[in-house]
Each structure stands twice: as C-alpha cells, then as structure tokens.
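I set out to look up one side chain and its surroundings, and then the chain as a whole. My entries follow in the order in which I made them.

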Amino acid sequence: MYFFIKSYGCQMNSYDSQRMADLLTEKGHSAVDEPEKADIVIFNTCSIREKADEKLFSDLGRVKTLKDLHNGDFIIIVTGCVAQTRVQEIMKRAPYVDIILGPQDIQAVAEKIDEHLHSENVLVSTSLGAEDKFNRLTAGFHNRKVSEFLTIQEGCDNFCTYCVVPYTRGREFSRNVADIVAEAKKLIAAGVKEIILLGQNVNSYNGTDENGQRHNLSDLLFTLAELDGLKRLHYTTSHPKDINESIGRAHRDIDILMPFLHLPVQSGSDAVLKKMNRKYTAEKYFECIDMLREYRPDIAFSSDFIVGFPGETDEDFQKTLQLVERVKYSQAYSFKYSPRPNTVAAKMDNQIDEKIKSERLSILQDLLNKQQTQFNESFVGKYLSILFEKEGKHKNQLVGRSEYSQAVSVCANNINIGDIVRVKVTEAVSHSLLGTIE
Ligand code: SAH
Ligand code: SF4
Ligand code: F3S
C-alpha cells in the first residue's frame, strides 16, 4: 500500500514519523508525498499548544473526503501526543479513524495495519512503554539526509505547570548506551554526517552500558565523538536545572560538538519561573550561561519563551526582556501561553488576556529578531564552516548550516551535499546568510 505521514510536532515527533516510515518500508509499503496518492494516512500529532491539536481535526475532515471517494481499503491512523490523551474525543469527533497509537506505541503501526485489514474495530494502543518502543523499533534506516535525529531519552518527570508532555510521553526513560551507539553507526552508514541527540530533557540522560554502569550526557557525547565518519554532534532540549560543568567540558574538549545550545529559559521573572515549576532562578540561568561561555567562549545560545503565563505582570515581562538583553541569543522561539487540559497552570487564577499576550509576544519577538540579525551580521566578512544539507532555490545553489546552526546559502559548482566547506560570509539576509567559497 502507499502511505503518507504528516508530523505536527517537535523533533521527537519527526523522529517517530521517520521510524514509522522505516517500519512500513520494510513491510513493503511505499511512501508518497501527499494524502491524495495514499491509501494509508498517518497523522502524527502534537498537543503542546491548542493550535496544534485543532489542526488535527481540520485535517481529519479533509481526509475523510478522500476515504469516502477511495476504492478499496483506506486507513486513517492518528498517532502521537494527541492520540495518547484524547482517544475518546478522536473516536467521537472522527469515528472514521481506524487506528489510534500513542507516541510510545508507534512501533506497532505495521502490525496494526495488518490487523485492521481483518477487523472492523478501531484499534487503540496507548501503553506509554518507552522501553518496549525502542526494543521493537528494529527496522533499518531508509532515506536519511545529511543531518538526522536520534532519540536517546524520552518522557519527562519535570511537570512544568503549563506543559502536557509528562502526560503524553510519560515518565523519563533513557535508552542504553549500546543501543544508541549501534543506531548512530547505522545512521553514519546511511550517509548521515551530523547527529542531533534528542530528549525532552536530554541533559538528564542517565543510561547504562553493558556493565550496568551509568553514563550521563557528557559521557555519551565523548563516546559518540569517537565514531568514524561522524562530523558533527548536537543535543536538544536541555533543561537549565540539569546543566553542570561536565557539559562545559564536553563543549571544550569535543571538536565535533557544535558550539550551539538550545537552553529554554521560558521567563526572566523568578516569580513566574516558580509558578511554572522550572526549579531555577534567572540568576541560576545566568550562571549556566557564564559557565558555558567560560568553557567555550564562542558558544551561541537559543531559547524558548512563554509570554502571558497566568499572573504574569508587566514587571515580570520586563524581566524577561532584561534577561534577553543580558544573554544575547543567536535565535529563539517564543509562544503565547496556551492553557492545556489537565495541567496545573490551566486552573490558575489571573489568566492573561489574549490581547496582552499578543502585545508582549510582539515586543519580545522584535527584540529576539534584532538580536538574531545582529548575531548574523557579525559574521559578514568572516569565515564559517558549513555542512551542506540540500539544494537551494537557485541554480547551483546549496544550503547548509554553520557551527552555530545558521542557514547559509552558497552558489558554487564544486561542492556536494554532505561536504563541510569553509565559506566566506558575504551578506546577512533576514534569518540566514549568503556566502562564497574562495
Ligand atoms: N522539554 C522541552 C520541551 C518542549 S515543548 C523543554 O523543556 O524545552 C517546547 C516549548 O514549547 C517549551 O520550551 C515551551 O516554551 C513551549 N510550551 C510548552 N507548553 C506550552 C504551553 N502550554 N503554552 C505555550 N507554550 C508552551
Ligand atoms: Fe514540558 Fe517542562 Fe518537561 Fe520540557 S521540562 S517537556 S517544558 S514539563
Ligand atoms: Fe508536541 Fe508531543 Fe513533541 S506534545 S512538542 S509532539 S512531545
């Protein structure tokens, strides 16, 4: 059969989609790039903000029409974080959905399809079994690019009061070192040059080796850095409360570990951070940043921010702006607080008016954009090392990423996807750079 997968969420959600595609490919199914060409449609959903889950229901309405017009079997599958917590609602609002799988049940996708072909019932599996998930994701790696994700840790025990992830992905689970190394080797053999290690809380990674010895993230980075053929390493997302000097040392001593760190702070106000249950203060965050800059002076930072958390005053918001001014980010993501079902913050008093959220978001984004532009402009006339990932819009143009994750476009005949080349930056344009090879 032909299958189409849409990912709605974070990088782990994309990783899960790729692994489902690997499984289905090995079962003899073929990937297509639009639902119109498919007879299996998989929506791999995200629940992080309200907008993400409303999108699912409008997309479902559209594929229902395809299903009605289709001759023969047409299977609609909902997987991921919405599937985990909203089974009843999906069955009620979209009774034509055939299979519902939580984010830690995706490994069952191929067998559920087979089972469905012999059954009329909706098949549901939401077991939250991370260990079983990885043990059963044994398919090979098909169609990989130059830069790919590798999930090393899944689930979250932090219960930030605004966040659904602990409810959708369950408790924190670290994969063991041997499995991660084996997977990294397979990715490298499939042509991957850069691996981005993933975890909801990647820097609290705590996996075991064959002797039952515990390894932290830094240990794992040192181990992976030894692999032949691997050119670049990244890890995301880190929680400031779990940053320690071992990470600083990894950034100092591992040459393929990129000097770029996504370290979400969410807010610059201690009062808001406390209500968010983030377990650090703004001062503690600055200490992390300073420590990491000490070990790796050129390290660049990005972050996530939430504006309009319940009870956030103008003064709190000013503190966020002050924090941004002090840290100076190379890029960042920012969101309006979105109340999520079952979370503590959704029930807090003093929910903030949508209009104020929008105003604050636009002020914050202006500042973050200004910083990103300044960061990018500071490289004009200088050299960056670029890993080329894909073709650009123009003839002979390739697009790659710098050590600091900036997108850089270059026109040249003598470079190939997968090459790492020293590029002279000629111009900074909106959120990317242009360069030449001398
Ligand atoms: N473990 C990662 C989380 C991912 S969610 C982390 O701790 O960073 C990615 C980002 O989405 C979060 O950093 C946060 O900024 C944002 N987010 C999460 N829940 C949200 C909500 N209810 N409303 C708005 N933004 C939210
Ligand atoms: Fe959500 Fe907080 Fe866990 Fe990140 S650390 S996934 S924001 S609960
Ligand atoms: Fe979304 Fe689930 Fe990722 S809620 S952000 S897909 S962990």
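**Entries on serine 402**

I looked up the side chain of serine 402 in this predicted model and found that a polar contact of 2.7 Å joins it to the side chain of glutamine 406. I count as a polar contact a pair of N or O atoms within 3.5 Å; within protein, one must be able to donate a hydrogen and the other to accept it, and residues adjacent in sequence count only if both atoms are side-chain atoms. I also noted that a polar atom of the serine 402 side chain lies 3.0 Å from the backbone nitrogen of tyrosine 404.

I placed serine 402 in the loop between strand 18 (397-401) and strand 19 (407-411). Strands are DSSP runs of E of at least two residues, and helices are runs of H or I of at least four, numbered from the N terminus.

Is serine 402 buried or exposed? I recorded serine 402 as buried because its relative accessibility is 1%; buried means under 20% relative accessible area and exposed over 50%, with a 1.4 Å probe and protein chains only.

Leaving out residues up to four places away in sequence, I listed Arg232, Leu384, Ser385, Ile386 and Val408 as touching serine 402, with contact meaning heavy atoms within 4.5 Å.

**Entries on the chain**

I counted 14 helices and 21 strands. Buried residues make up 56% of the 438 residues.

**Conventions**

I number residues from 1 along each chain as its sequence is written. Local features need pLDDT of at least 70, and side-chain atom pairs count only at pLDDT 80 or more.

How values were computed. Chains are lettered from A and ligands numbered from 1 in the order in which they are written. Side-chain values use heavy atoms; hydrogens and water are left out.
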